[in-house]
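I opened a new model today and kept notes as I went. The entries follow the order in which I looked things up.

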Amino acid sequence: MAIINTGMQRGTELTVTKKIGGVMVNGYPRMYKVTDAFGNYAAVTTEELAKLAVAEYQVRQDAFKTYVEGVENGVTVKTDEAYVENLGACPIA
């Protein structure tokens, strides 16, 4: 998670697991990071991600969702908890 100075926390990683008959499929779990390069987006550091304007973060998050759903057949990514308030976190200055 990247922390920004408004008490808001931004999701940065998504882990996809896939099991068949209760057995993990070869190659899983897979981790995807919104900070990595994907689609038309360049890689960024967690600090750079934390400093993005909220609208820019949400556009990147939406593109990340679309990307992961495109490479993981049948997966639906929920982003409703990707940007949440965390008043106990230490903000990046």
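**Notebook: first look**

I began with burial: 27% of the 93 residues in the protein chain are buried. Buried means under 20% relative accessible area, exposed means over 50%, and partly exposed lies in between (1.4 Å probe, protein chains only). I noted that this is a predicted model, where local features need pLDDT of at least 70, side-chain atom pairs count only at pLDDT 80 or more, and totals for chains, interfaces and linings use all residues. Residues are numbered from 1 along each chain as its sequence is written, and side-chain values use heavy atoms, with hydrogens and water left out.

**Layout**

I then listed the elements: the protein chain has 2 helices and 7 strands. Helices (H or I, at least four residues) and strands (E, at least two) are DSSP runs, numbered from the N terminus. Along the sequence I read β-β-β-β-β-β-α-α-β.

**Helix α2**

I looked up α2 next, which covers residues 54–71. Its 18 residues reach 26 Å from first C-alpha to last, close to the 26 Å expected at 1.5 Å a residue. That expected span is 1.5 Å times one less than the number of residues. Which residues of α2 are buried? I found Tyr-57, Arg-60, Gln-61, Phe-64 and Val-68. Seen down the axis of α2, they fall within an arc of 105°, so they line one face of the helix. The arc is taken from the directions from the helix axis to the C-beta atoms. The face turned away carries the exposed residues Ala-55, Thr-66 and Gly-70.

**Aromatic pairs**

I counted 4 aromatic pairs. Rings of Phe, Tyr and Trp (its six-membered ring) pair if their centres lie within 6.5 Å; planes under 30 degrees apart count as stacked, over 60 as edge-to-face and the rest as tilted. Tyr-32 and Tyr-67 are edge-to-face, at 6.4 Å centre to centre and 80° between the planes. Tyr-32 lies in strand β6 and Tyr-67 in helix α2, so this pair ties together parts 35 residues apart in sequence. Tyr-32 is buried at 13%, whereas Tyr-67 is partly exposed at 32%. Phe-38 and Phe-64 are also edge-to-face, at 5.5 Å and 70°. Phe-38 sits in the loop between β6 and α1, and Phe-64 in helix α2, 26 residues apart. Both are buried. I also noted one aromatic cluster of Tyr-32, Phe-38, Tyr-41, Phe-64 and Tyr-67.

**Thr-35**

Last, I checked Thr-35, in the loop between β6 (30–33) and α1 (46–51). Thr-35 is buried, with a relative accessible area of 9%. Leaving out residues up to four places away in sequence, its contacts (heavy atoms within 4.5 Å) include Thr-12, Leu-49 and Arg-60.
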